Each structure stands twice: as structure tokens, then as C-alpha cells.
Amino acid sequence: MKRVINFMGIRHAAFAVTVLLTLVSLGSLAVKGLNFGLDFTGGALIELNYEQPADLAKVRGQLAEAGYGDALVQHFGATTDVVVRLQGDDPQLGNRLAADLDKVSAEQFSVKRVEFVGPAVGEELRDQGGLGMLLALGGILIYVAFRFQWKFGFGAIVSLIHDVIVTLGVFSFFQIPFDLTVLAAVLALIGYSLNDTIVVFDRIRENFRVLRKADLIENINISTTQTLLRTLATSISTLLAVVALMVFGGENLWGFSLALFIGVTAGTYSSVYIASILLIWLKLTREDLIPPVEAEEVDDRP
């Protein structure tokens with residue numbers, strides 16, 4: 001057999017890191033909270049098209065001069081397209097901003113679109129997004145519990161919750177805007193992380209049948225080593241695509257790609273050092289994977 005990496009040899013140190021990251025993330029979420037974007041808080045979105053490439057710093061200065069210093073200004077695709085986001089509950093906020101900007105701006109621009117999201121709609125989107133995340137986690141717990149065994153399901157769901165908490169914690173700590181695209185990334189990373197965990201779990205289950213004399217820790221080390229190349233190939237190729245999005249996708253995709261980057265990294269870690277460690281704590285045995293024998297009915301009729 002090829003050399004087996006002793007992943008579980010540092011499980012106590014890995015657990016300490018897990019607890020630290022989780023506590024810091026939860027603390028940041030409790031103290032700072034998430035910096036919800038317009039999709040959740042309500043406000044106006046204005047897309048402007050300039051005749052020449054727009055200088056964002058200059059546009060921000062002009063908006064501040066017009067009394068809109070809190071506006072978020074980003075490029076939208078081409079350098080001549082600018083999107084402005086501003087929180088507020090006035091349906092005419094976008095039109096008023098465009099008119100006031102036109103008064104102080106020396107550059108010629110046209111208004112391509114103006115959208116408004118009311119506070120009630122934003123609150124509904126936030127609640128539905130959170131409910132969708134909880135339903136996804138619950139469905140995964142049920143699937144893994146039936147597909148493998150409840151101990152596997154518990155380990156998978158705890159590792160997924162860790163990935164979500166750490167991702168949200170980074171966004172909370174650095175107050176990075178959290179909008180619908182970031183929520184979509186969080187839901188996507190739940191599926192990605194589960195896939196990675198399932199691969200390791202499946203190999204652990206198979207090795208219980210093959211490695212008769214190996215204990216659980218040895219089984220996990222062997223199984224993780226056997227799936228390591230597959231895990232690294234998947235994670236690295238995914239991260240390369242995500243990094244390309246971060247570099248070339250523009251500011252609108254920055255939050256989406258950052259959430260995926262954090263989630264993929266955390267998911268690769270948690271599939272080994274959270275899901276597998278919980279199997280040790282729950283004392284998974286070979287007997288847990290043997291289906292119960294149904295008692296045969298005895299015909300005792302005379």
C-alpha cells in the first residue's frame with residue numbers, strides 16, 4: 001500500500017482551529033451583523049452610460065457634492081457603464097439622484113435604467129433566502145442519513161454549517177456587502193462542500209468492508225489519502241475558475257466569487273477535519289453500517 005498520511009494525527013489542533021474560526025465568525029455576526037445590500041434593505045439602483053470611460057473616484061466625489069455620499073459606485077461591464085446603488089425608501093430616489101448628478105457633472109451621461117426595491121420586498125427576500133438555506137441544510141441531513149447512516153448525516157451537516165458560518169463571518173468582519181448574488185454563492189458552496197464530504201464518506205464505508213483489521217482512525221486516514229488527489233484536483237480547478245472571476249469578473253461579481261473562494265477552501269478543510277472527526281467522536285463502527293436483520297415470521301398455525 002502506498003504511504004498513508006496521518007490526517008487524524010493533528011485532529012485536536014484542527015478542532016481548536018475550527019472552534020476559534022467558528023467563535024470569531026459568530027462573534028462578528030452577533031456584534032457587526034451582515035452588511036446587507038439593496039436587495040435586502042431596499043433602495044435605488046441607477047445604471048448610467050457615459051460617453052467616455054468613467055472615473056469612479058470622480059463620480060463618487062460628484063455624488064458626495066450632490067448630497068449622496070453614501071452611494072455605492074461600481075463599473076457595470078464596460079468602463080463607460082456605471083451602476084450606482086443607494087439605500088432609501090423613496091420610490092423617486094433614483095430619478096432624483098440622476099437629476100442632481102447631472103447638475104454637478106461635467107461629463108455627459110445617459111440613464112439606462114432606474115430600479116427601486118422597497119423595504120418590505122427586501123425584508124421578504126432576506127427571510128426567504130434564510131429559509132431557503134435552512135431547507136437546503138435540512139434536506140441534505142435527511143439525504144445523507146438515508147444514503148449512509150445518521151452518524152454520517154450528522155457529520156456532514158455540522159461541516160456544512162461550519163462552512164456557511166465561516167463564509168458569513170468573513171463578510172461580517174470586513175463588512176463586505178451581502179446581496180442576492182452572495183446568497184446564491186453560499187447555497188452553491190453548500191452543494192460543493194457536500195459533494196466533497198460524500199466522496200470521503202463513501203470511501204470510508206467501502207473500506208470498512210475491505211480493511212477488516214483496521215480501526216476507525218486508520219480507516220479514515222487511508223480513505224482520505226486515497227481520495228486526496230481527487231479532492232485536490234477538484235478544489236484547485238474550482239479555485240482557479242473562482243480566482244479568474246475575482247480578477248476579471250468586475251466589482252459586481254466580486255462578492256459572489258469571494259464567497260465561493262472562502263466556501264471552497266473551508267469545504268475542503270471541513271470534509272476532512274470536521275466531518276471525519278465527528279465520526280470518531282460518535283464512535284462509528286462496522287456494525288453501524290450493517291442493515292438490521294428482519295426476523296422471519298414463523299407460521300405457528302396447527
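User: Why is the contact between the side chains of K112 and D81 called a salt bridge?

Analyst: The N to O distance is 4.0 Å, and the definition asks for a side-chain nitrogen of Lys or Arg within 4 Å of a carboxyl oxygen of Asp or Glu, so the pair counts. K112 sits in strand β5 and D81 in strand β4 (residues 78-87), so parts 31 residues apart in sequence get tied together. Strands here are DSSP runs of E with at least two residues, helices are runs of H or I with at least four, and both are numbered from the N terminus. Keep in mind that this is a predicted model, where local features need pLDDT of at least 70, side-chain atom pairs count only at pLDDT 80 or more, and totals for chains, interfaces and linings use all residues. Residues are numbered from 1 along each chain as its sequence is written, and side-chain values use heavy atoms, leaving out hydrogens and water.

User: What makes D81 buried or exposed?

Analyst: Its relative accessibility is 11%, so D81 counts as buried; the cut-offs are under 20% relative accessible area for buried, over 50% for exposed, and partly exposed in between (1.4 Å probe, protein chains only). K112, at 48%, therefore comes out partly exposed.

User: Which other residue forms a salt bridge with K112?

Analyst: That's E47, with the closest N and O atoms 3.5 Å apart. E47 belongs to strand β2 (residues 43-50) and K112 to strand β5 (residues 109-117), 65 residues apart.

User: What about E115 and R113?

Analyst: Their side chains meet in a salt bridge too, at 2.6 Å from N to O. E115 has 39% relative accessibility, so it's partly exposed, and R113 is partly exposed as well, at 28%. Salt bridges with shared partners join E47, D81, K112, R113 and E115 into one network. Across the whole structure, a search finds nine salt bridges.
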